[in-house]
Amino acid sequence: MSTSTEVQQDTRFFGHPRGLANLFGVEMWERFSYYGMLGILPIYLYYKVDQGGLGLAQESALGIVGAYGGLVYLSAVIGAWVADRLLGSERTLFYSAVLIMIGHLSLALLPGLTGIGVGLVCVAVGSGGLKSNATAIVGTLYADGDERRDAGFTIFYMGVNLGGFVGPLLTGLAQSEVGFHLGFGLAAIGMALGLIQYTLGRKNLGDKAREIPNPLPSSQRALAIGAAVLLVVAIAVLVMTGVVNPGNLADVVVVVVGVISVIYFLVILTSRKITSDERSRVFSFIPMFIASAVFFSLYQQQFTVVAAYTDQRLNRNLFGWELPVPWVNSINPVFIIVFAPLLAALWTKLGERQPSTPMKFVLGTVLMGAAFLLFLPMVGSGQNASPMLALVGILFVFTIAELCLSPVGLSLSTKLAPAAFRTQMVALNFLSISFGTAMSGKLAEYYSVDDEAPYFSTVGGVAIGVGVLLFLGIPFIRKLMKGVH
């Protein structure tokens, strides 16, 4: 019996394979470190030096945070390619986790912008590699038709949200009580713990997790390595000469991801390997790609505009104690843990009567726009005067919008994918998130706490407008989807 068969028949972790506990743990600690660091990153960048920060202009700081998030999702595409062609998912995940830990240590120990540059690049590339491969390995733990599979993914995603909940609480407390570098240090410790427990349990993952599905021919490996080295050198030169700088980083990432996305679509649509029906389905994905990018350009402002809003406009006084700014980032994971199973149960109960995927995209985009309009009643209320309960309500709308769109985006990309381009269509879904996340930083450059009404009304109104256009286009999109619901 192969080790993969043994793994798939294993029931030692609450009826699931033991390897699921390992992946649950490494993903939980990675999300702990990722969201813990992300919670304190924007204020570290724009707080004055005497407050322990770097003293950057707020618009540059928020642009960097958005660009960094965009790079994480772009790296997920690269991580998937490395696993498919060079290393396999299991080894790619291991090296990605090592890179994340190095990144957090750099943020904790290296001074100023040097620590930011080295740290964020390492964490972005590592998180992208881990994100794409942890999910893939969970799939290898179950045989085709194994009824435990959906429950296994549910347990795995509980790890994601548990880490996302605890991370900002602990790093935020460390930052407010001691300083930023202890907060970044805690993120490094969290990732180290995840790496240790993953290393100890690697043998429980089986041979299938180590397979290289589409190995790159040895004749092409030197070329791939050479291209990677050239890319790293080119990026380093652009940064050192100031062509790419903190002020334009969000613009650069938006343009790069936009160009890559267009190339991906053109490569697939012009390929001779796809049928006319498959080509039609790819065309149907374009409006959904745009809606996804618009959605995430608002949703990911939790870490840009909402972070600045929490710092400067929210009343965080709780019985005489001021709540740390990053603690607000722990609200969304709680809502997801509570409401994701309820919404999943609702879709299951509705069965064929549930909204089509394009309609779920409409709901997600419109709700996301409405969430931004909900900030308008608090405009002009003064410094740190907006009620906490109002922001909790707005983040609840964020969550419901996310649950309408985000889980079905990945599923849709696999359903509409031509047989020859399954991985590339999943990559396109990640690219829509990457583009939107980088845009969340670009848009944040236009936000000002002194003149909020135009910002919230414009951004919210545009998202609702995109949702309405998508709604009007549903009959045409459904026709292009050729039977995919």
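E452 is buried in this predicted model, with a relative accessible area of 2%; buried denotes under 20% relative accessible area, exposed over 50%, and partly exposed the range in between, computed with a 1.4 Å probe on protein chains only. Because the model is predicted, local features require pLDDT of at least 70 and side-chain atom pairs count only at pLDDT 80 or more, whereas totals for chains, interfaces and linings use all residues. Residues are numbered from 1 along each chain as its sequence is written, and side-chain values use heavy atoms, with hydrogens and water left out.

Side chains of opposite charge can pair when their charged atoms come close. With a salt bridge defined as a side-chain nitrogen of Lys or Arg within 4 Å of a carboxyl oxygen of Asp or Glu, the count comes to 8 salt bridges. In one of these, E452 is paired with R313 at an N to O distance of 3.0 Å.

Together with D251, K442 and E445 are linked in a network of salt bridges.

The side chains of D207 and R210 form a salt bridge at 3.9 Å, N to O. D207 is partly exposed, at 40% relative accessibility, and R210 is partly exposed at 34%.
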